[in-house]
Amino acid sequence: MSIGQIFLILAPIFFVILLGYLAGHFKKFDKQTSKGLNTLVTKFALPAHLFVGVTTTPRKTLIDEWPFLVALILGIVGFYLIILLIVKYAGKYTLTASSMFALNSAQPTFAFMGIPVLGGLFGAGAVAIPIAITGIVVNAILDPLATILGTVGQRGRKEGEEKTSLFKVTVHSIFHGLSEPLACVPLIGVILTLCGFQSPKLLQDMLNQIGSITSGAALFAVGVTIGIGKINFSKGALGIAVLKVAVQPIVMLGIAVWIGLSSDEVTKAILLVAFPGSAVAAMIALRFESLENETASAFVISAILSLVTLPLLISWLM
């Protein structure tokens, strides 16, 4: 793919991000209103879009996607576990801090950039399944696992503190992950499709009324988050950002080729993990009061770095 073609695809995307950045920078949005915008995208618009995409996919096509699922589990959850072990034992971080560092190094902002970027490259109809699979992996596996390990690291941190049952933490984390629309809605769609269900046109039209705003609203939300954020160029923040947009895509390339994905699927898998770090992952770190400044800054730094890394990856892969 030529530089000109890549520019034509990415220029509108980064333009909307820039508009969001200006809105955040000039205080047209604050953290509270930005949270509402993120909620609109992650809990309503994108789940509706993905449900239509999944339930209009032939059953056989969905079944054939299992190697892609395995690749994403290894490339996202596996990458998280490797970084966690390295940071914990080589970096001497606590288990909670290691979990937050690794989570922010492994979780991409697929919910916001997946549809516009991959849709521009492959067409909107070809990306719903890969993004839905990513949503299931991130929200039903990665986030609960990071939450469980983060909680284990905090148990008994203060003398006399009442310890929460690890079983209860595990069950709560899994159910919380599955209750997220970006996990449960695609998962329900997958189950229904495997059972032979296909969305009727009326249902598609109803869900598309909200789902059609996904691309623009998601990109604008990314820009707003960057615009209202403060950047701390610490070693931890830079390390997380580089791992996210540079190292993880290379690891995913090796995994995707080893599994034997097609060239298009290799490209989709790499780009899905090459997106900037996730604001959701940064919020989980804030909840644990662990590496809050580093993870929030890493989200902004990785978004800026992706302005360079994404065009380079696309020109190399396409």
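What follows is a set of questions and answers on salt bridges, cysteines, a helix and a surface patch.

Analyst: First, the ground rules. This is a predicted model, so local features need pLDDT of at least 70, side-chain atom pairs count only at pLDDT 80 or more, and totals for chains, interfaces and linings use all residues. Residues are numbered from 1 along each chain as its sequence is written, and side-chain values use heavy atoms, with hydrogens and water left out.

User: How many salt bridges does a search of the whole structure find?

Analyst: Side chains of opposite charge can pair when their charged atoms come close. The criterion here is a side-chain nitrogen of Lys or Arg within 4 Å of a carboxyl oxygen of Asp or Glu. Searching the whole structure on that basis gives a count of 3.

User: Which residue forms a salt bridge with glutamate 180?

Analyst: Glutamate 180 is partly exposed at 21% relative accessible area (buried is under 20%, exposed over 50%, partly exposed in between; 1.4 Å probe, protein chains only). The closest N and O atoms of the pair are 3.0 Å apart.

User: Which helix holds both lysine 201 and aspartate 205?

Analyst: These two form a salt bridge, with closest N and O atoms 2.9 Å apart. Lysine 201 is exposed at 59%, and aspartate 205 is partly exposed at 36%. Being 4 residues apart, they are separated by about one helical turn, and the helix is H10 (residues 201–211).

User: How far from cysteine 184 is the nearest cysteine sulfur?

Analyst: A disulfide is a pair of cysteine sulfur atoms within 2.5 Å, and the structure holds 0 of them. Cysteine 184 is in no disulfide, and the nearest cysteine sulfur is that of cysteine 195. Cysteine 195 is exposed at 65%, while cysteine 184 is partly exposed at 22%.

User: What end-to-end C-alpha distance does helix H13 (residues 263–274) have?

Analyst: The expected span is 1.5 Å times one less than the number of residues. For the 12 residues of H13 that comes to 16 Å. The end C-alpha atoms agree with it, at 16 Å.

User: What covers the buried residues of H13?

Analyst: Of its 12 residues, 10 are buried, so H13 is largely enclosed by the rest of the structure. Among the buried ones are Glu265, Lys268, Leu271 and Val273. Contact means heavy atoms within 4.5 Å. The cover includes helix H4 (66–89), helix H6 (110–122), helix H7 (128–154), H12 and H15.

User: Which residues does leucine 317 touch, not counting residues up to four places away in sequence?

Analyst: Leucine 317 lies in helix H15. At 21% relative accessible area, this leucine is partly exposed. Its contacts are Thr267, Ile270 and Leu271.

User: Which helix gives the largest share of the nonpolar patch?

Analyst: Patches join residues with over 30% relative accessible area and no salt bridge: nonpolar side chains (Val, Leu, Ile, Met, Phe, Trp, Tyr) within 5 Å, like charges within 9 Å. Areas come from the Shrake-Rupley method with a 1.4 Å probe; for residues, only the protein chains shown count as cover. This patch covers about 640 Å² and is made by Ile231, Phe233, Leu238, Ile304, Leu307, Val308 and Leu312. The largest share, 4 residues, comes from helix H15 (residues 292–317).

User: Where is phenylalanine 233?

Analyst: Phenylalanine 233 is exposed at 57% relative accessible area. Its place is in the loop between helix H11 (214–228) and helix H12 (235–259).

Technical notes: Helix = DSSP H or I, 4+ residues; strand = E, 2+ residues; numbered from the N terminus.
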